[in-house]
Amino acid sequence: MTERSAYRGRAAVGAPLTRRSVAPAGRLRRLFGAGEEEDGATPIANLLVDHAPAELSEQRIAKALAAQGIRGAKARRARRAVLWRAMEGFLEDETISPEESDYLTALCTALGLGSEEYAEVFEGAVLPRYQRALRRATRDARVDREEVLALGQVASQLQIPVETRDALAAGAAWPLVKARLEAIARDRRVSPHEEEALFELARTLGITLHVGELDFERYKFLWRLDHGALPEVASDIKL
């Protein structure tokens with residue numbers, strides 16, 4: 001069994017730090033950051049060193065915070081900080097394993113944080129990594145199938161839901177499709193090759209393309225006229 005596959009329960013957060021032989025105080029500092037005293041995360045961090053999230057309750061965490069005079073909005077910030085830093089700790093290798101995802105879900109429950117708060121932390125800690133991968137893939141104004149597959153792998157490794165992945169990908173890729181549509185609108189011409197390339201790009205990026213507003217058929221007709229490919233016109237007149 002590898003170290004990574006062994007991440008269960010308390011080991012899920014502790015293992016990455018333990019294998020670096022960090023002393024207990026240093027372990028908390030590495031996991032929860034230099035500002036842990038400022039946001040009040042230390043009492044929760046102390047509990048997580050010795051307990052899995054499933055062993056903790058919202059009431060026990062509240063009691064530990066209250067013992068340090070941390071209540072109300074400050075306590076809420078401390079709970080969110082712990083979730084954020086745990087998530088960041090797992091992301092050191094740019095991956096969140098299913099076991100780590102389970103740990104974070106259990107931690108969120110123990111911290112008394114709702115699904116919306118979890119989503120906000122996830123959006124802040126995880127999504128920027130996928131967005132960077134998207135920018136790298138689209139910076140040359142084209143995306144091929146290999147790049148799309150690679151992006152799918154990144155999203156899978158980060159445990160990003162399919163609907164979120166598709167929405168982000170479409171948002172990042174739309175400027176590429178839009179630029180080609182604008183070029184067609186300027187030229188008022190579209191060749192068979194341009195048409196094929198445009199729709200292939202849209203299919204690759206998962207974008208539904210609507211070209212009705214561009215008078216696409218007319219632009220195809222004008223291109224054929226420019227290149228001597230006159231269309232056949234049926235006539236009832238016999239010559």
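Tyr 118 is buried in this predicted model, because its relative accessible area is 18%, which falls under the cut-off of 20%. Phe 122 is likewise counted as buried, with a relative accessible area of 11%. These two residues are four apart in helix α8 (residues 115-125), so about one helical turn separates Tyr 118 from Phe 122.

Two aromatic pairs turn up when the whole structure is searched. In one of them, the rings of Phe 90 and Tyr 103 stand with their planes at 85 degrees and their centres 5.8 Å apart, so this pair is edge-to-face. Phe 90 belongs to helix α6 (residues 72-90) and Tyr 103 to helix α7 (residues 98-111), so the pair ties together parts that lie 13 residues apart in sequence. Both Phe 90 and Tyr 103 are buried. The rings of Tyr 118 and Phe 122, by contrast, have planes at 20 degrees and centres 6.3 Å apart, so that pair is stacked. The table sets the two pairs side by side.

| Pair | Distance between ring centres | Angle between planes | Arrangement |
|---|---|---|---|
| Phe 90 and Tyr 103 | 5.8 Å | 85 degrees | edge-to-face |
| Tyr 118 and Phe 122 | 6.3 Å | 20 degrees | stacked |

Helix α9 comes next. With 12 residues at 1.5 Å a residue, helix α9 (residues 127-138) should span 16 Å, and the distance of 17 Å between its end C-alpha atoms agrees with this. Which residues of α9 are buried? They are Leu 127, Arg 129, Tyr 130, Ala 133, Leu 134, Ala 137 and Thr 138. Because these residues cover an arc of only 165 degrees around the axis, they lie on the same side of α9. The cover over the buried residues of α9 includes α6, α8, α10 (145-157) and α11 (162-187). For Tyr 130, once its neighbours within four places in sequence are left aside, the residues in contact are Leu 151, Val 154, Ala 155, Leu 158, Ile 160, Arg 165, Leu 168 and Ala 169.

Helix α5 can be described side by side in a similar way. Its buried residues are Ile 61, Ala 64 and Leu 65, and because they cover an arc of only 100 degrees around the axis, they sit on the same side of α5. On the other side of α5, Gln 59, Lys 63 and Ala 67 are exposed. The buried residues of α5 are covered by elements that include α4, α6 and α7. After α5 comes Gly 69, which has a positive phi, near 75 degrees.

Ala 185 is a residue of helix α11 and is partly exposed, with a relative accessible area of 31%. Although Ala 185 and Phe 216 are 31 residues apart in sequence, their C-alpha atoms are 8.9 Å apart in space.

For the protein as a whole, the secondary structure comes to 13 helices and zero strands. Of its 239 residues, 38% are buried. Among the contacts with a separation of 6 or more, 70% are between residues 24 or more positions apart.

The average pLDDT of the protein is 76, and 75% of the residues score at least 70. The pLDDT is below 50 over residues 1-29, a stretch that has 47 contacts in the model beyond near neighbours in sequence. Residues 31-37 also have a pLDDT below 50, and this stretch has 19 contacts in the model beyond near neighbours in sequence. Where pLDDT is low, the predicted coordinates should not be read in detail.

Notes
Residues numbered from 1 in each chain as written. Predicted model: local features only at pLDDT ≥ 70, side-chain atom pairs only at ≥ 80, totals over all residues. Heavy atoms only, no water. pLDDT = per-residue confidence, 0-100. Contact = heavy atoms within 4.5 Å. Phe/Tyr/Trp six-rings, centres within 6.5 Å; stacked < 30°, edge-to-face > 60°. Buried < 20%, exposed > 50% of the residue type's maximum accessible area, 1.4 Å probe, protein only. Expected span 1.5 Å × (residues − 1). Arc of directions from axis to C-beta.
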